[in-house]
Amino acid sequence: MTKKVVLLDYGSGNIRSGERALQRVGADVTVTSDFDEALNADGLLVPGVGAFAACMAGLKSVRGDVIVDRRLTGSRPVLGICVGMQILFARGIEHGVETDGCEQWPGVVERLQPADAQPVPHMGWNTIDVPAGTSLFDGVDKERFYFVHSYGVRTWELNDARESVAPLVTWTTYGEDRFVAAVENGPLAATQFHPEKSGDAGATVLENWVRSL
């Protein structure tokens, strides 16, 4: 059965490239900000490009934070990409401004701190350190993925002991800086990299997610 996926349109993100990437892996995709459609789809993809504060303002303008929370309360899958992943955390700090996120996970999104010779933003292909038991990276755990960002989650703050099933956290490094590349946490998953820009490996990640819906 074809899975129905809503790509949430809240004014931020690579909407069309994300739509095409999902269609290529067999999803029936609707790009919309409609509350009920987003709430009831088999899967919800939350994109995000730009500043944390601007993305949160856009998300709240369409009640996207409520949609995400209600879907997860009902164990309905959500996938965040790039800043769409970052806003799932408790807060973001950019240029000294602190903004509350969706608070699905504790933790702070902050500026990357690679070695002095490494430029920010981080743009390019990275391998990732995938934990055992992953489904998102099934078949592509040794591949490289495309990142473009200046901020990330550099410390995982969730106490896994309080979870019945511990979240699966994937890491990567840029220069000397280590940060979260992806998380799988029950119905909630997210990637800091752009699967829609990551060639066949990224397509497999999206296909794995769609198949899990």
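1. A disulfide is a pair of cysteine sulfur atoms within 2.5 Å. In general terms, a disulfide is a covalent bond between the sulfur atoms of two cysteines. By the distance rule, the count of disulfides here is zero. C102 is in no disulfide either, since the nearest cysteine sulfur, that of C55, is 11 Å away.

2. The model is predicted: local features need pLDDT of at least 70, side-chain atom pairs count only at pLDDT 80 or more, and totals for chains, interfaces and linings use all residues. Residues are numbered from 1 along each chain as its sequence is written, and side-chain values use heavy atoms, with hydrogens and water left out.

3. Are C55 and C102 buried or exposed? Buried means under 20% relative accessible area, exposed means over 50%, and partly exposed is in between (1.4 Å probe, protein chains only). C55 has a relative accessible area of 1% and is buried. C102, at 16% relative accessibility, also counts as buried.

4. Helices (H or I, at least four residues) and strands (E, at least two) are DSSP runs, numbered from the N terminus. Strand β11 covers residues 168-174, and five of its seven residues are buried. Two strands pair if DSSP finds at least two bridges between them. β11 is joined to strand β12 (residues 177-185) by seven bridges, and the two run antiparallel.

5. On a 1 Å grid over the protein atoms alone, a cavity is a set of points where a 1.4 Å probe fits but cannot get out, and a pocket is an open set with protein on both sides within 12 Å along at least five of seven lines; lining residues have an atom within 4 Å of a point. Grid points are joined across faces, edges and corners, and a volume is the space filled by probe spheres set on the points. The second largest pocket holds about 160 Å³ of space. Its lining includes P77, S135, E184, N185, L188, A189, N208, W209 and S212. Two or more lining residues come from each of β12, β13 (188-191) and α6 (199-212). The largest share, three residues, comes from α6.

6. What classes of residue line the second largest pocket? Ala, Val, Leu, Ile, Met, Phe, Trp, Tyr, Cys and Pro count as nonpolar, Asp, Glu, Lys and Arg as charged, and the others, Gly among them, as polar. The lining has six nonpolar, five polar and one charged residues.

7. The structure holds one cavity of 30 Å³ or more. The largest cavity has about 80 Å³ of space. Among its lining residues are G13, N14, V49, I81, H194 and L206. By class, the lining of the largest cavity divides into six nonpolar, five polar and one charged.

8. H194, from that lining, lies in the loop between β13 and α6. At 3% relative accessibility, H194 is buried. Contact means heavy atoms within 4.5 Å. Not counting residues up to four places away in sequence, H194 touches N14, V49, I81, C82, Y146 and V148.

9. T2 sits in the segment before β1 (4-8). With 48% relative accessibility, T2 is partly exposed. Leaving aside neighbours within four places in sequence, T2 is in contact with G26, A27, D28 and D42. T2 and D42 are 40 residues apart along the chain, and their C-alpha atoms are separated by 9.7 Å.

10. Some backbone angles should be noted. V120 and P121 are joined by a cis peptide bond, with omega about 15°. P121 is in the loop between β7 (105-111) and β8 (122-127).

11. Where is R63, which has a positive phi of about 60° although it is not a glycine? R63 is in the loop between α3 (52-61) and α4 (64-73), and it is partly exposed, with a relative accessible area of 40%. S75, not a glycine, has a positive phi of about 60°. S75 is in the loop between α4 and β4 (78-81) and counts as exposed at 55% relative accessibility.
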